Amino acid sequence: MGEIKIIGMEKLQKKLKNNVSMDDVKRVVRHNGAEMEEKAQRNAPVDTGTLKRSIGLEITNGGMNAQVEPTAEYAPYVEFGTRFMAAQPYLKPAFEEQRKKFKKDLKKLTR
């Protein structure tokens, strides 16, 4: 559901190669992904706990992508609402908060 896209990846990769190892970048990706997973779980409304438990983290692309998403079938209805119930966003607020920290952590690597 939430994904961070980096515009200007070639420029960033060039600068990163000069200053840090890709292992450092992968560590930042994994750490920020784990933090976003925790925030989304903390934000998720709890009735039975199924939604909260369904939120997971998947690291792909050799450690360069972190994907946090719920697997509960009804997750989008909770996030966005329906005509019968109001939205209870849990994933987007976690994403918005984590996006700022992720950018800040990447900037620290390029200094």
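This is a predicted model: local features need pLDDT of at least 70, side-chain atom pairs count only at pLDDT 80 or more; totals for chains, interfaces and linings use all residues.
**Group meeting: surface patches and a hairpin**

Met-22 lies in helix H2, which covers residues 22-43. Although Met-22 and Gly-63 are 41 residues apart along the chain, their C-alpha atoms are separated by 9.3 Å.

Let me turn next to the strands, where E1, residues 55-60, and E2, residues 65-70, pair in the antiparallel sense over 6 bridges. Within that pairing, Ile-59 of the chain stands opposite Ala-66 in E2. The hairpin of E1 and E2 has 4 residues between the strands, and in this hairpin Asn-61 takes a positive phi near 55°.

Now to the surface, and to the nonpolar side chains there. Which residues form the nonpolar patch on the surface? They are Tyr-74, Tyr-77, Phe-84 and Met-85, and together they have about 460 Å² of accessible area. Phe-84 itself is in the loop between helix H4, residues 75-80, and helix H5, residues 91-110. Phe-84 counts as exposed because its relative accessible area is 69%, where the cut-off for exposed is over 50%.

Lys-108 belongs to a positive surface patch, which is formed by Lys-103, Lys-104, Lys-107, Lys-108 and Arg-111.

Notes:
Residues are numbered from 1 along each chain as its sequence is written. Side-chain values use heavy atoms; hydrogens and water are left out. Patches are made of residues with over 30% relative accessible area and no salt bridge: like charges are joined within 9 Å, nonpolar side chains (Val, Leu, Ile, Met, Phe, Trp, Tyr) within 5 Å. Accessible areas come from the Shrake-Rupley method with a 1.4 Å probe; for residues, only the protein chains shown count as cover. A salt bridge is a side-chain nitrogen of Lys or Arg within 4 Å of a carboxyl oxygen of Asp or Glu. Helices (H or I, at least four residues) and strands (E, at least two) are DSSP runs, numbered from the N terminus. Buried means under 20% relative accessible area, exposed over 50%, partly exposed in between (1.4 Å probe, protein chains only). Two strands pair if DSSP finds at least two bridges between them. Lys and Arg count as positive and Asp and Glu as negative; His and the chain ends are not counted. The place of a charge is taken as NZ of Lys, CZ of Arg, CG of Asp or CD of Glu.
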